[in-house]
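Here are some friendly notes to read alongside the structure. Please keep the 3D view open as you go through the points.

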Amino acid sequence: MLLRLYYQTTMLKILKYSFFDLMRSRWSYVYFGFYLLLGVVLLFLNNDLSKAVITLMNVIIVLVPLIGTIFGVMYYYNSKEFTELLLAQPLKRSSIFLGQYLGVALSLSMSLILGLGIPFVFYGLFKSNAIWDFSLLLITGTFLTLIFTALAFNIALSNENKIKGFGYAILLWLFLAIIYDGIFLMTLIFFEDYPLDKLSLVGTMLNPIDLSRTLILLKLDISALLGYTGAIFKQFFGTSFGLVVSFVMLVIWVVLPVLRIMFKSRRKDF
Amino acid sequence: MVSIENLHKKFGKNEVLKGVDLNIKSGGIFAVLGPNGSGKTTLIKSVLGMVVPSKGTITVQGENIKKNSSYRHQIDYLPQIANFPSNLKVKELIRMIKDLRKNTNEDERLIELFKLQPFLDKKLGNLSGGTKQKVNIVLTFMFDSPLIILDEPTTGLDPISLIRLKELIQKEKQKGKTILITSHIMSFVEEVSDEIVFLLEGKIYFKGTISELKTKTNQPDFEHAIASILSDNHA
């Protein structure tokens with residue numbers, strides 16, 4: 001019991017140091033600044049809150065996974081020697097890697113939440129009805145950060161070669177953000193004579209980016225943007241149950257890669 | 001202190017350690033030598049638990065190191081390349097390692113010894129290689145553990161710091177500690193070590209004192225003794 005508590009505190013300490021290390025990096029501020037600018041431009045030049053939320057959704061869903069993957073791989077490779085220093089200390093491997101992972105993921109999430117949150121607060125978000133839509137947007141963005149940073153750590157742990165690791169990470173992002181939808185659409189067209197409800201449900205759940213998009217659109221309740229899969233999602237689960245199901249799937253998408261980080265790091269040579 | 005039995009390690013198809021048996025008793029300075037790629041670093045990293053052995057057992061002070069991390073409280077390790085988070089300041093790094101491991105006041109004496117005060121508020125990314133190595137030495141020696149492992153400790157050090165390092169190593173030895181060193185600088189090894197362990201192609205070729213090695217190879221000095229092992233074995 002006491003031992004367990006000790007391991008948890010070491011993980012939190014490593015998290016804290018990785019977090020502050022990143023908080024001092026120039027790139028965190030560039031990322032933060034980008035969202036700040038995006039929020040300001042969308043709100044004060046556009047004046048339509050629900051349109052702003054939709055535009056933000058489209059940006060977040062593509063950009064957050066990209067930044068999460070790149071930062072994750074970059075942080076892992078850059079802190080390699082430092083990780084070796086930690087590994088020689090009396091610390092458990094899983095607390096070292098989970099601590100670093102959470103440090104990266106949380107600092108990225110914070111840039112996102114603060115960068116978009118500040119302009120929205122000034123805009124008068126708390127008095128508006130859009131607060132729930134907006135919060136959901138930030139929650140989904142945080143989930144995507146957690147998922148893609150974990151995937152990036154997985155890729156980096158499995159590839160000693162930096163260039164290969166970066167390559168696979170970019171490919172993963174490209175696949176899930178763009179190619180997947182293409183293949184998915186082609187399948188739907190190709191098999192249009194067959195019942196496709198179940199297939200498209202599964203197809204949506206297997207891609208965290210599609211899942212996030214469906215989740216947000218379900219909440220926004222804009223049927224015109226839902227598309228085929230979204231409509232099936234809504235029909236199959238109903239709006240509120242559909243929200244719960246997609247949340248559970250997002251959690252699974254975080255948990256599985258994190259478990260593999262723990263598993264893989266235990267067997268790795270440094 | 002450290003006992004290694006039948007240690008094998010393969011990286012893919014590359015068999016680096018091929019059955020190493022080694023007993024290191026408490027107290028004294030042991031140098032692990034061998035040509036490039038002979039498995040020195042792999043051996044040391046196996047003892048540290050950074051490399052997972054393919055076969056064999058390692059015990060440190062009677063404790064099996066498999067699936068264990070607390071035994072590393074007994075070990076101070078100086079890694080070969082010191083590359084620290086570049087955004088941290090020197091004193092923050094020292095504070096952080098103390099926070100992660102245990103508190104100590106030894107660092108103040110070591111900072112004084114290596115004249116690191118002017119660098120404490122500098123970021124690690126802006127330090128020269130030699131200064132980084134001094135920080136590395138401070139981090140290693142501040143915990144006062146019974147086993148000290150030094151991987152190429154002399155890298156980048158100026159002559160004065162080198163003398164201070166040698167004095168430091170001797171002092172630790174007098175406290176009854178066990179010190180494991182790898183180095184390519186033969187004069188350094190000859191000066192500090194009590195016993196040498198010579199690795200060749202993943203096996204222990206020789207273990208004993210330097211004078212025993214000289215007798216065995218029939219060579220008048222240490223450097224030639226090492227060279228004769230290497231040329232006899234075409235390594």
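1. The second largest pocket has about 440 Å³ of volume, the space filled by probe spheres set on grid points that are joined across faces, edges and corners. A pocket here is found on a 1 Å grid over the protein atoms alone: it is an open set of points where a 1.4 Å probe fits, with protein on both sides within 12 Å along at least five of seven lines, and lining residues have an atom within 4 Å of a point. Its lining counts 19 residues, and those nearest the centre are Asp21(A), Tyr75(A), Asn78(A), Ser86(B) and Asn87(B). Helices H1 (2–23), H2 (26–46), H3 (49–78) and H4 (80–87) of chain A each give two or more residues to this lining.

2. Before you go further, please note that this is a predicted model, in which local features need pLDDT of at least 70, side-chain atom pairs count only at pLDDT 80 or more, and totals for chains, interfaces and linings use all residues. Residues are numbered from 1 along each chain as its sequence is written, chains are lettered from A and ligands numbered from 1 in the order in which they are written, and side-chain values use heavy atoms, with hydrogens and water left out.

3. Which helix gives the second largest pocket the largest share of its lining? That is H3(A), with 4 residues. Helices (H or I, at least four residues) and strands (E, at least two) are DSSP runs, numbered from the N terminus. By class, this lining divides into 8 nonpolar, 7 polar and 4 charged residues. Nonpolar covers Ala, Val, Leu, Ile, Met, Phe, Trp, Tyr, Cys and Pro, charged covers Asp, Glu, Lys and Arg, and the others, Gly among them, count as polar.

4. The largest pocket holds about 680 Å³ of space. Of its 25 lining residues, Arg266(A), Ile65(B), Lys66(B), Lys67(B) and Asn68(B) are the closest to the centre. Strand E4(B) makes the largest contribution to the lining, 4 residues. The classes here are 8 nonpolar, 9 polar and 8 charged.

5. Now turn to chain B, where 4 strands make an open antiparallel sheet in the order E2-E1-E4-E5. Two strands pair if DSSP finds at least two bridges between them. E2 (14–24) and E5 (63–64) are the edge strands, each pairing on one side only. E4(B) and E5(B) run antiparallel and are joined by 2 bridges; Val60(B) has Glu63(B) in E5(B) as its bridge partner. Helix H1(B), residues 40–48, packs on this sheet and touches E1, E2 and E4 of chain B, where contact means heavy atoms within 4.5 Å.

6. A further open sheet in chain B has 6 strands in the order E6-E7-E8-E3-E9-E10, with mixed pairing. Strands E6 (75–78) and E10 (203–208) stand at its edges with a single partner strand each, so one side of each has no neighbour in the sheet. Leu78(B) stands opposite Leu150(B) in E7(B).

7. Finally, is Thr204(A) buried or exposed? Thr204(A), which sits in helix H8(A), residues 197–205, is buried, with a relative accessible area of 2%. Buried means under 20% relative accessible area, exposed over 50%, and partly exposed in between (1.4 Å probe, protein chains only). Leaving out residues up to four places away in sequence, Thr204(A) touches Phe184(A), Asp210(A), Leu211(A), Thr214(A), Thr229(A) and Phe233(A).

Conventions
Axes are lines fitted to C-alpha atoms, for helices over the stretch in contact, and angles run from 0 to 180 degrees between N-to-C directions.
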